[in-house]
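Reader: I am new to this structure. Please show me how to read it, one feature at a time.

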Amino acid sequence: MRRNELLMNPVLDEQVFKQIGIVVMDSLNSTLPVRITFWKVDNLVNNIGIVSKVDRQMKYLILELLSGEIRIELDCIIAVERYNHD
């Protein structure tokens with residue numbers, strides 16, 4: 001397998017995509033922290049924060065971090081999970 005094939009964005013099935021949507025909307029509506037794993041320039045990145053905006057038309061979300069906020073394209077998201085820092 002070539003490096004390009006290994007670094008391609010995987011296609012998420014509908015069930016996984018729905019589950020990601022549920023966790024993202026919980027974070028947005030209840031200010032719950034989440035850990036988002038996404039692709040950025042051929043690397044997987046993990047960030048923990050609170051979703052402050054979801055734009056379904058333009059297909060991105062804004063994640064509030066302690067150091068500011070970042071924009072994440074929805075197509076680049078691999079996983080979203082609730083984050084408990086206990």
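Reader: What should I know before I start?

Author: This is a predicted model, so local features need pLDDT of at least 70 and side-chain atom pairs count only at pLDDT 80 or more, while totals for chains, interfaces and linings use all residues. Residues are numbered from 1 along each chain as its sequence is written, and side-chain values use heavy atoms, with hydrogens and water left out.

Reader: How many helices and strands does the protein have?

Author: Helices (H or I, at least four residues) and strands (E, at least two) are DSSP runs, numbered from the N terminus. Here there are two helices and five strands. Along the sequence they follow the pattern α-α-β-β-β-β-β.

Reader: What share of the residues is buried?

Author: Buried means under 20% relative accessible area, exposed over 50%, and partly exposed in between, with a 1.4 Å probe and protein chains only. In this protein, 27% of the 86 residues are buried. The accessible surface, from the Shrake-Rupley method with a 1.4 Å probe, comes to about 6,400 Å². Carbon and sulfur atoms hold 51% of that surface.

Reader: Which residues touch the most other members of the largest nonpolar core?

Author: A nonpolar core is a set of buried Ala, Val, Leu, Ile, Met, Phe, Trp, Tyr and Cys residues joined through side-chain atoms within 4.5 Å. The largest one has 15 residues. Val34, Ile36, Leu61, Leu63, Ile72, Ile77 and Val80 touch the most other members. Helix H2 (14-30) and strands S1 (34-40), S3 (60-65) and S5 (77-82) each give two or more residues to this core. The largest share, four residues, comes from S1.

Reader: What does Ile77 touch?

Author: Contact means heavy atoms within 4.5 Å. Leave out residues up to four places away in sequence, and Ile77 touches Leu12, Ile20, Ile36, Thr37, Phe38, Leu61 and Ile72.

Reader: How do I read the largest pocket, and which residues line it?

Author: Work on a 1 Å grid over the protein atoms alone: a pocket is an open set of points with protein on both sides within 12 Å along at least five of seven lines, where a cavity is a set of points where a 1.4 Å probe fits but cannot get out. Lining residues have an atom within 4 Å of a point. Points are joined across faces, edges and corners, and the volume is the space filled by probe spheres set on them. The largest pocket has a volume of about 200 Å³. Its lining includes Phe17, Val54, Arg56, Leu74 and Ile77. H2 gives the most to this lining, with six residues.

Reader: Where is Val41, and is it buried or exposed?

Author: Val41 sits in the loop between S1 and strand S2 (43-55). Val41 is exposed, with a relative accessible area of 71%. Its phi is positive, about 50°, although Val41 is not a glycine. Asp42 lies in the loop between S1 and S2. Asp42 also has a positive phi, near 60°, and is partly exposed at 46%.

Reader: Which residues does Leu28 contact?

Author: Leu28 lies in helix H2 and counts as partly exposed, at 25% relative accessibility. Beyond its neighbours within four places in sequence, Leu28 is in contact with Val51, Ser52, Lys53 and Val54. Leu28 and Ser52 are 24 residues apart in sequence and 5.6 Å apart in space, C-alpha to C-alpha.
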